Amino acid sequence: MKRKGCLMMGLLGMTLVMSGCKKEENVISFNDVSQFKDIDTKAYVTIGEYKGLNVTADTIPVSDLEVNTRIASDLYKNGVYTDSDDQPITAGAKIRISVSGSIDGKDHPGFTSEGYEFVYGYEEQIMDGFTANLKGLYKGEQVQFDLVVPATFQESALVGKVVTFKVTIDNVQVYCIPELTDEYVQDISEVETVEEYKESLVPLLRDEKFTAIQKNKKAGVWQLVSDSSSINSYPEGVVEAKEEQLRERLEMYAQLQGMELEQYVYNNFGVSFEEYVKLSAKQDLLLDAIGRAEKIFLTEKEYDECLVSFASQYGYNDKKTMLEVLGEEKVKEAILWDKVMQYVADQVTITE
């Protein structure tokens with residue numbers, strides 16, 4: 001599974017990487033395109049220091065959240081599949097099935113398989129609609145259903161034919177994640193206790209963060225400033241709107257990994273989905289507050305240059321198509337966010 005090493009990157013979603021834009025006249029500001037147009041975002045966040053900072057490896061802070069995120073990731077990687085007779089098939093379960101398929105009452109070898117094993121909900125290479133008929137079944141159960149061979153099927157002569165499938169669930173395995181105990185850390189490390197294990201992760205994470213800052217100063221410095229900032233409260237409706245925005249996308253990612261939403265978020269970020277939503281909303285408020293405080297803006301020339309680069313970078317055929325898909329105000333706000341991050345990075349010195 002590909003994991004995100006930086007919470008901020010997961011939260012921003014479409015941060016842009018731009019350079020070489022020259023300031024001319026003030027034409028596009030946060031007052032024009034911000035999702036918080038009628039909200040004084042500075043009143044909702046306490047902004048961490050970001051001017052005149054000198055960052056060295058020894059000064060990099062490591063939060064409890066970062067430690068917990070690494071632990072959650074390691075726990076998941078050390079999980080194992082175990083047989084289960086009393087658990088139904090759900091996303092993430094590894095199942096083994098025996099299948100026979102018939103057309104017009106005659107068994108067809110192309111639709112027959114013994115002991116076929118796969119992780120349910122994880123991009124199975126099976127005819128569309130097949131796995132939906134297996135959800136909720138238990139080991140030893142059988143099911144029969146009909147499917148129409150789709151137009152995308154390799155054997156064109158079978159397209160449009162009705163296949164009757166008979167499926168037996170030979171085995172169901174669930175993914176078991178170990179508990180964080182002294183015995184667990186003794187097995188995977190050279191320390192004896194959970195507390196020692198957590199302490200041992202701090203210098204490791206500190207070095208990783210400093211290396212990340214050296215490779216990508218803008219993203220790395222922003223993460224430091226974000227971590228040192230705090231949320232005072234949330235404007236009415238902001239958390240609910242952010243939850244609606246994130247849920248569909250994260251549920252899609254979770255399904256691709258064969259997980260439920262909560263498990264996916266915890267494995268990747270070390271927090272619950274509810275906490276992740278609030279952290280994401282904090283990011284938006286913080287970017288807006290600093291952008292307004294520093295009077296950051298875009299000129300039309302900057303905007304046009306960034307549109308071309310953004311469309312190319314994210315796979316759109318042209319900027320018009322991109323704007324139709326994402327919406328003009330959202331794109332403008334994202335470019336302004338990027339300028340905020342670049343501004344913050346320019347205030348900081350990195351010392352080896």
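Me: Before we start, what are the axes of helices here, and how do the angles run?
Reply: Axes are lines fitted to C-alpha atoms, for helices over the stretch in contact, and angles run from 0 to 180 degrees between N-to-C directions. Also keep in mind that this is a predicted model.

Me: Thanks! So how do helix 9 and helix 12 cross?
Reply: Helix 9, residues 273–293, and helix 12, residues 328–346, have axes that come within 9 Å and cross at roughly 70°. Angles of 65 to 115 degrees count as roughly perpendicular, so helix 9 is roughly perpendicular to helix 12.

Me: Which residues make that contact?
Reply: From helix 9 you have D284, L287, I290 and G291, and from helix 12 there are W337, V340, M341 and V344. Sorted by class, this contact has six nonpolar residues, one polar and one charged.

Me: Let's zoom out. How many helices and strands are there in the protein?
Reply: The protein has 12 helices and 12 strands. Its C-alpha atoms fill a box of roughly 75 × 60 × 40 Å along the principal axes.

Me: And what share of the residues is buried?
Reply: Of the 352 residues, 41% are buried. As for contacts between residues at least 6 apart in sequence, 75% join residues at least 24 apart.

Me: How many residues does the largest nonpolar core have?
Reply: That core has 38 residues, and the ones with the most contacts inside it are V221, W222, I290, V331, V340 and V344. Helices 2, 5, 6, 9, 10 and 12 each supply at least two of its residues.

Me: Which helix gives the most to this core?
Reply: Helix 12 does, with eight residues.

Me: What is V344 in contact with, apart from its neighbours in sequence?
Reply: Leaving aside neighbours within four places, V344 is in contact with Y50, V221, W222, V225 and I290. There is also a second, separate core of 22 residues, with V99, I103, M127 and F130 among them.

Me: Now helix 6. Why is it largely enclosed by the rest of the structure?
Reply: Because nine of its 12 residues are buried. Those residues are K218, A219, G220, V221, W222, Q223, L224, V225 and S226. From first C-alpha to last, helix 6 reaches 16 Å, close to the 16 Å expected at 1.5 Å a residue.

Me: What about helix 5, what should its 22 residues span?
Reply: At 1.5 Å a residue they should span 32 Å, and the end C-alpha atoms of helix 5 are 32 Å apart, which agrees.

Me: Which residues of helix 5 are buried, and what do they pack against?
Reply: V194, Y197, L201, L205, K209, F210 and I213 are the buried ones. They pack against strands 3 and 12 and against helices 3, 4 and 6.

Me: Switching to loops, where does L180 lie?
Reply: L180 is in the loop between strand 9 (162–176) and helix 4 (182–188). With a relative accessible area of 29%, L180 is partly exposed.

Me: What does L180 contact, beyond its neighbours within four places in sequence?
Reply: Its contacts are I71, L75, V185, V194, Y197 and K198. L180 and L75 are 105 residues apart in sequence, yet their C-alpha atoms are 7.6 Å apart.

Me: Last one: where is the place of E328?
Reply: E328 is in helix 12, and it is partly exposed, with a relative accessible area of 40%. Leaving aside neighbours within four places in sequence, E328 is in contact with Y303 and L323.

Notes. Residues are numbered from 1 along each chain as its sequence is written. This is a predicted model: local features need pLDDT of at least 70, side-chain atom pairs count only at pLDDT 80 or more; totals for chains, interfaces and linings use all residues. Side-chain values use heavy atoms; hydrogens and water are left out. Helices (H or I, at least four residues) and strands (E, at least two) are DSSP runs, numbered from the N terminus. Angles under 35 degrees count as roughly parallel, over 145 as roughly antiparallel, 65 to 115 as roughly perpendicular and the rest as oblique. Contact means heavy atoms within 4.5 Å. Ala, Val, Leu, Ile, Met, Phe, Trp, Tyr, Cys and Pro count as nonpolar, Asp, Glu, Lys and Arg as charged, and the others, Gly among them, as polar. A nonpolar core is a set of buried Ala, Val, Leu, Ile, Met, Phe, Trp, Tyr and Cys residues joined through side-chain atoms within 4.5 Å. Buried means under 20% relative accessible area, exposed over 50%, partly exposed in between (1.4 Å probe, protein chains only). The expected span of a helix is 1.5 Å times one less than its number of residues.
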